[in-house]
Amino acid sequence: MKLHQKRLLYAGLIVLLVVIWIFYAANGPQTTAVLAGTVRAATLLALGAMCGMIGERSGVVNIGIEGQFLLSAFAAFTVASMTSSLFLGTIAGIGMGLLMGWMLAAMAVGLKVDQIIAGTVLNIAALGLTSFFYDRSRSLGVGKYTNIDLGPLADIPLVGTVLFSRPPLTYLTMALLIVVHVALFRSVWGMRTRAIGEHPGAADTVGIDVLRLRYFNVTIAGGLAGLGGAYLALEAVGTFSRAMSGGRGFLALAVMIFGRRTPFGAYAAALFFGFTTALQNQFQLNNTFDIPPQFVGMLPFIVTILVVALSGLIGSMRDPAALGQTYEKG
Amino acid sequence: MSEILLGAHDVSKRFPGVLANNQVSLQLERGRILALLGENGAGKSTLVNILFGMYRPDEGHVIIKGERVDLRGPDDAISRGIGMVHQHFQLVPPMRVVENIVLGAEPVLRGLVDLGEARRRVIELSRRYGLEIDPDAVVEDLPVGMQQRVEILKALYRNADVLIMDEPTGVLTPQEADHLLGVLRELTQTGLGVVFITHKLREVLAVADDIVVLRNGEVVGQTTPAETSENGLAEMMVGRSVMLRVDKSVAEPGDVVLELEKLSVEDDRGQIALNEVSFEVREGEILGVAGVEGNGQRELVEAITGLRGLSSGLMKIGSDEFTSGSTRQIAEKGVAHIPEDREKHGLIGVYSLEENSVLNRYHRKPFSLRGFLRRDVIKRHAEGVVDEFDVRTPSTSVPASSLSGGNKQKLIVGREFSDDIDLLVAAQPTRGIDIGAIEFIHRRILDQRDKGTAVLLVSAELDEILGLSDRIAVLYDGELMDVLDAEDSNREKIGLLMAGITDSKSSA
């Protein structure tokens, strides 16, 4: 990031904090509710965006995140309700995500199927399978993940509620942001991953097994989407319902692009999109506007369209050069 | 005899339908430069890929440091001290120099890439071999010569004893090329061996200790610069005596056919690729455009042929002015185009030779009537082109993609020349084709000139420019450096202009 961009970023942050403080002074409970909702919505988007960026950084487009969310949520919910263990449910969600990541890798990397088609297959399969096996009578006997207060930090007004009194998977996601950032930009794995997404031929000539690394990355990334599914069923909502991912897998891709395929950038973008979702919820709850709720519900998606269109104008980061291409040796 | 660093022993490699290498043997000794010479398709690439572990030989074996080895892949070759600098650089453009050099063999500290250590090692290497480089520069911002240096350092970082250089001078100015040859010389002083692959005879004679010539997958000659000459080498490469210089008469320029006035053009990314370029081409003369590739030549050709819009300036063809025009409008003015990329812009691979032979005028009489193609007329036309331009093909109904590079090019030339033309725009007309076809195409271009056609010849091969042109324009970074008369120009003069150095600048 260039210096003037950094200054702009800091200036923006300060303005944002001031605005939040003013709102908090004016209406404490509602501001707290909106910001808490922001973080809640952002968690799922951040997980999906990290899944997408690990794939795209290695040159594989994953538009199957939506399906990965949905089927993982289903697996997490089913296992949790059968075993009465949220932990086992979470593990099942991650496992399902890994399995679907592996399936995407097998199609897109192994069999060299067009990546968009492979991702679409996942989405359709997930919707079909979950609708077929969905059992209305099942419920989560043990309830969903509850908030954990981080000691005295949780008592800070506003900030404490928004950041330090959250359920466990939200904390885990925040930690994963740091892990993925360090891994992508500082580790040997990350350097090689970025290389195979930009110029697989160059990586090949220095002895990096391009196809194997892509296979591995797409599979592992699926685990992140799987965690997203578990989060959705076991922490955010507490049940499973048909098509409950509701387009957020695709929204995660927009978040990833807007965040320039970096974890922190994606989280900032996820907070922004999460904010529109939370605001929309709050409007509907309070009947702020006298218009049909469906229109208020469109808010996050209208903002998505505007932001993605605008980011194209501003000139966002260019894609990894080998994105979407299968790699042939030689 | 000193140690054999790298060798091939009776190596054969078959691909479906071709025997790419037939019992090829060669030996590279420590501290020597071995030039591997041959035409396109002679089997150089196959041999090099075998030496670097990309392919496995069907018969025979590779020798590294006197030992018979069975390479399992490039990483195996690398770990045995073989380094390769590919013709198309294998660098990750948005990454920094240091990252590119250590990629795949990264120093590690507590699980993370130790960039500090990497930087130290790169600086140490570049000092030891006198290859100055900024380790933190981003590769895509570097000029081509520097990128090549990164490639060499990449090999040295992996403790290479052997450097395989695949057509390393194709993208360099003559001075940069000479500098590279000097660098390679110095590297051999430290005990390295170099395999130098090229089709440029001059460089072979200048730098090689040993020369191996390949033709049709076989070694047809082993010699040294002292024992041979450019003509001798060319004869070995082609298998018969060849004319390296085309005989040409003095040009008799007539009226101006193409006139450019302060022409500016943008490239695909919207950057200025050609900045206020003005020149003219007359009837009966060849204007050669010299320059290292990527200095605006492609955009110039595309602008003149209507493939790319002008951002400002004016273009005059005959008496018609163009500020924008479709390719067809321009072609109708008698402009023929031999495009740089014959696969992409010259031919449609899945179409037959017949269809390809009328691509520029299928819509006109006599080739079509009331919207229907007249297959019989087109077939006769194609047969005429194939005959006259010596296109080697079993029939005119086979797809164009089945032809060899040289024959594809002859088909394009035949198509473009079988109409009455006033202006010929020829971009890299002999790239990647055999010497026989090159001779033929050069002869035909000169014939066109003698018939009074104005010719704009764009080529990255300086020898081609010097051999054919009556006047020579030099492009550097989108600017027209100068237009010289062919008699007053020589390799050094043009080379300096290609590097952006004018007399006024160098004396300042």
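Colleague: Let's start with chain B: in which strand is B:Gln23 found?

Modeller: Bear in mind that this is a predicted model. B:Gln23 has a positive phi of about 45 degrees although it is not a glycine. As for its place, B:Gln23 sits in a strand of chain B that covers residues 18–29, namely β2.

Colleague: And is B:Gln23 buried, exposed or partly exposed?

Modeller: Being buried takes 20 or more other C-beta atoms within 10 Å, and being exposed takes 12 or fewer. B:Gln23 has 15 C-beta neighbours inside 10 Å, so it counts as partly exposed.

Colleague: Chain A has a residue like that too; what is the phi of A:Lys112?

Modeller: A:Lys112 lies in the loop between α4 (86–110) and α5 (115–133) of chain A. Its 14 C-beta neighbours inside 10 Å make it partly exposed. Most residues other than glycine have a negative phi. A:Lys112 is not a glycine, yet its phi is positive, at about 55 degrees.

Colleague: Back to chain B: which peptide bond is cis?

Modeller: Most peptide bonds are trans. Look in the loop between α12 (353–356) and β19 (368–369) of chain B, where you'll find B:Pro366. Omega is near 0 degrees, and the bond is the one from B:Lys365 to B:Pro366.

Colleague: How far apart are the C-alpha atoms of B:Asp75 and B:Asn360?

Modeller: B:Asp75 belongs to helix α2 (residues 74–79) of chain B. It is partly exposed, having 19 other C-beta atoms within 10 Å. B:Asn360 is 285 residues apart from B:Asp75 along the chain, and their C-alpha atoms are separated by 48 Å.

Colleague: Which element gives the most to the side of domain 1 of chain B that touches domain 2 of chain B?

Modeller: Chain B is split into domain 1 (4–238) and domain 2 (256–346 + 422–507), with their C-alpha centres 33 Å apart. The contact pairs ten residues of domain 1 of chain B with 13 residues of domain 2 of chain B. On the domain 1 side, α6 (174–189) and α8 (230–238) of chain B are the elements that give two or more residues. With three residues, the one that gives the most is α8(B).

Colleague: Which elements give two or more residues to the side of chain A that touches chain B?

Modeller: The contact takes 15 residues from chain A and 20 residues from chain B. Those on the chain A side come out as seven nonpolar, six polar and two charged. The elements that give two or more of them are α8 and α9 of chain A.

Colleague: Are α2(A) and α11(A) roughly parallel or roughly perpendicular to each other?

Modeller: Their axes come within 8 Å and cross at roughly 65 degrees. The crossing is right-handed, and residues making the contact include A:Gly48 of α2(A) and A:Ala252 of α11(A). Angles from 65 to 115 degrees belong to one class, and the two helices are therefore roughly perpendicular.

Colleague: At what angle do the axes of α3(A) and α11(A) cross?

Modeller: Among the residues that meet are A:Phe69 in α3(A) and A:Phe250 in α11(A). The contact holds five nonpolar, three polar and two charged residues, and the crossing is right-handed. The axes come within 6 Å, and they cross at roughly 135 degrees.

Colleague: Last one: how many nonpolar residues are in the contact of α11(A) with α12(A)?

Modeller: The axes of α11 (residues 248–258) and α12 (residues 263–286) of chain A come within 7 Å and cross at roughly 130 degrees, which makes α11(A) oblique to α12(A). From α11(A) come A:Leu251, A:Val255, A:Met256 and A:Phe258, meeting A:Ala266, A:Ala269, A:Ala270 and A:Phe273 in α12(A). This contact has no polar and no charged residues, and its nonpolar residues number eight.

Notes
Residues numbered from 1 in each chain as written. Chains lettered and ligands numbered in written order. Predicted model: local features only at pLDDT ≥ 70, side-chain atom pairs only at ≥ 80, totals over all residues. Domains from an automatic or database assignment. Contact = placed C-beta atoms within 7 Å. Helix = DSSP H or I, 4+ residues; strand = E, 2+ residues; numbered from the N terminus. Nonpolar A, V, L, I, M, F, W, Y, C, P; charged D, E, K, R; others polar. Axes fitted to C-alpha atoms, helices over the stretch in contact; angles between N-to-C directions. Parallel < 35°, antiparallel > 145°, perpendicular 65-115°, else oblique. Left-handed = near helix turned anticlockwise from the far one by under 90°.
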